[in-house]
Amino acid sequence: MQDVQTKPNGPVAASFVAAGIASATVGIFVVLNEISTEVNGFLKFDASFGIGKGVGPLSGKVTLGVIAFVISWVVLHFALRGKEVNFNRWLGIALVFVFVGFALTFPPVFEFIVGIFVPEA
């Protein structure tokens with residue numbers, strides 16, 4: 001019988017959680033975009049930086065989501081490299097972040113949240 005060596009699963013868990021963090025970041029900026037005109041103007045990366053011409057605040061939301069992914073992935077990768085982690089726990093954390101991100105981009109959810117912070121006149 002051969003001894004099968006496996007690679008540690010920490011880096012894979014890091015990438016899953018980083019993707020979840022990116023998803024939640026996009027969702028948070030969807031809500032902030034609707035709440036604040038200043039945030040809306042800031043997120044127009046197409047006008048400010050020429051990223052994603054013609055898409056308005058979506059360019060900023062996605063760009064910040066990608067930045068959040070890269071930063072969190074690098075940090076988590078170095079924290080978990082070479083480690084064997086409880087993958088189910090880390091996958092659960094990633095799925096919670098993805099669910100939060102998805103929920104915050106769902107119009108009934110973000111409109112409800114916006115209604116709390118910006119009462120109609």
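In the predicted model, Lys 44 is found in the loop between helix H2 (37–42) and helix H3 (45–49); helices are DSSP runs of H or I with at least four residues, numbered from the N terminus. Residues are numbered from 1 along each chain as its sequence is written, and side-chain values use heavy atoms, with hydrogens and water left out. Because the model is predicted, local features need pLDDT of at least 70 and side-chain atom pairs count only at pLDDT 80 or more, whereas totals for chains, interfaces and linings use all residues.

Lys 44 counts as partly exposed because its relative accessibility is 32% (buried, under 20%; exposed, over 50%; partly exposed, in between; 1.4 Å probe, protein chains only). The side chains of Lys 44 and Asn 40 form a polar contact at 3.3 Å (a pair of N or O atoms within 3.5 Å, one able to donate a hydrogen and the other to accept it; residues adjacent in sequence count only if both atoms are side-chain atoms). Beyond four places in sequence, Lys 44 is in contact (heavy atoms within 4.5 Å) with Gly 56, Pro 57 and Ser 59.

The C-alpha atoms of Lys 44 and Ser 59 are 6.3 Å apart, at a sequence separation of 15 residues. Ser 59 lies in helix H4 (residues 57–80) and counts as buried because its relative accessibility is 5%. A polar atom of the Ser 59 side chain lies 2.8 Å from the backbone oxygen of Gly 56. Not counting residues up to four places away in sequence, Ser 59 touches Leu 43, Lys 44, Phe 45, Asp 46, Ile 51 and Gly 52.

How values were computed: Helix = DSSP H or I, 4+ residues; strand = E, 2+ residues; numbered from the N terminus.
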